[in-house]
Amino acid sequence: MDEKEYITAYQELAEMLRDFNLGWIGEQVADTVRTGKTIEERTSKRKTPLLKIEDYTPEEKLRLLTKAVEQAMIDTAEMEDEIAYFLKIEAEKYQLTPRITFANSDEVGKEIEFTSDLIAPRNKQALALKNLFNQLLSSTKDSGEISAIIQQIGLKLNGTINRNFNAYVEQADIFDIYLFTILLKAIANEGGEIYYKDVFDGNPNSLVFRKNPGKIHGNVHPYTHAAIDFPNKPPLEVHIGVKVQGRAGVLHECNLLVLYQKEADLCRLLNREPRHSQAIIAIKSQYYTSPLKLEIAGSFIGLASDIRYEGGSYFISNSSSDSVAKLLTTARKKWELNIVPGGTNDVNRLMYSLQTIFKDFKARH
């Protein structure tokens, strides 16, 4: 492919994404392209490299876009498969139906069903889509072959999409549930007993979670949390999408929060938000289909400085960025990037890190 063909392929793929209501993927890539890439220039006379910004080449732009589609379609399909397996096991133990409802306080909940019968066909199409992207990026293709491959990409993309659940916020919700399963595995590995309750202290038939972080005591919907019991230890709760009060007296959004059940009960009774001093773990997640922007990490560092959790706060993303990793490491914050089902080593490292926090929790109490 020459430069003109890379440009044409990029434009056609971006237009195709808009046609499938996936324009947000192209927008995230376009934002990355506008920012440019940071290049380090090292010399023998300087310990610290000099940095400069360069434009992405047409080939690099196309690779960024295909990678973004893979993250949105293939990685998400694999996350759904992991969630479906998790729900299958939980359904057998707690008589739960394999579906999850996401809802804000001002709307009717939107339900997604996680069963192999529904997910497997999309997963198969997603893998075929990845093969087509590999073919597209081959430098030996001519214009006619490129057009034919892009047409095939459209057909596979059509079969991969869950049309009822393909907006950016909905994909981010899937990522949070995937992290929820990893967190519960860490708890189970440390001997914690897990069961589910809703905000009314009832036993739910299915799981209901907030679409966006809100009030832990909100009861417009029967929001669900995981109740955790370690033998002879204070009981805990795991929540998705709640706010917590920092030291400065402001509320911070947590994608996942582990706190003492006693504090959660008081919050539900008094209609207030949890205090950071009563939380064990807080996770700030960032779902993104392009390399992470540095200001995202900067925002997390500011948040973490206002909050002190017993076990710690984590920044976790499905994406990656060398500069973000460097900044978070320098600031001595807990972080994990590339958390997707295919990243076995990264996922296991995260799970064992969380497991260590619960080991320490049991020792303290």
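Predicted model: local features only at pLDDT ≥ 70, side-chain atom pairs only at ≥ 80, totals over all residues.
Let's call a residue buried when its relative accessible area is under 20%, exposed when over 50%, and partly exposed in between (1.4 Å probe, protein chains only). Residues are numbered from 1 along each chain as its sequence is written, and side-chain values use heavy atoms, without hydrogens and water.

Start with helix H1, residues 3-19; helices (H or I, at least four residues) and strands (E, at least two) are DSSP runs numbered from the N terminus. Glu-5, Tyr-6, Ala-9, Tyr-10, Leu-13, Ala-14, Met-16 and Leu-17 are buried in H1. Seen down the axis of H1, these buried residues fall within an arc of 165 degrees (taken from the directions from the helix axis to the C-beta atoms), so they line one face of the helix. The face turned away from that buried side carries the exposed Lys-4 and Asp-19.

Now look at the sheet, which is open and has 7 strands in the order S5-S7-S8-S9-S10-S11-S12, with mixed pairing; two strands pair if DSSP finds at least two bridges between them. Strands S5 (193-198) and S12 (334-336) stand at the edges with a single partner strand each, so one side of each has no neighbour in the sheet. Within the sheet, S7 (residues 224-229) and S8 (residues 236-245) run antiparallel and are joined by 3 bridges. Here Ala-227 stands opposite Glu-237 in S8.

Methods: Expected span 1.5 Å × (residues − 1).
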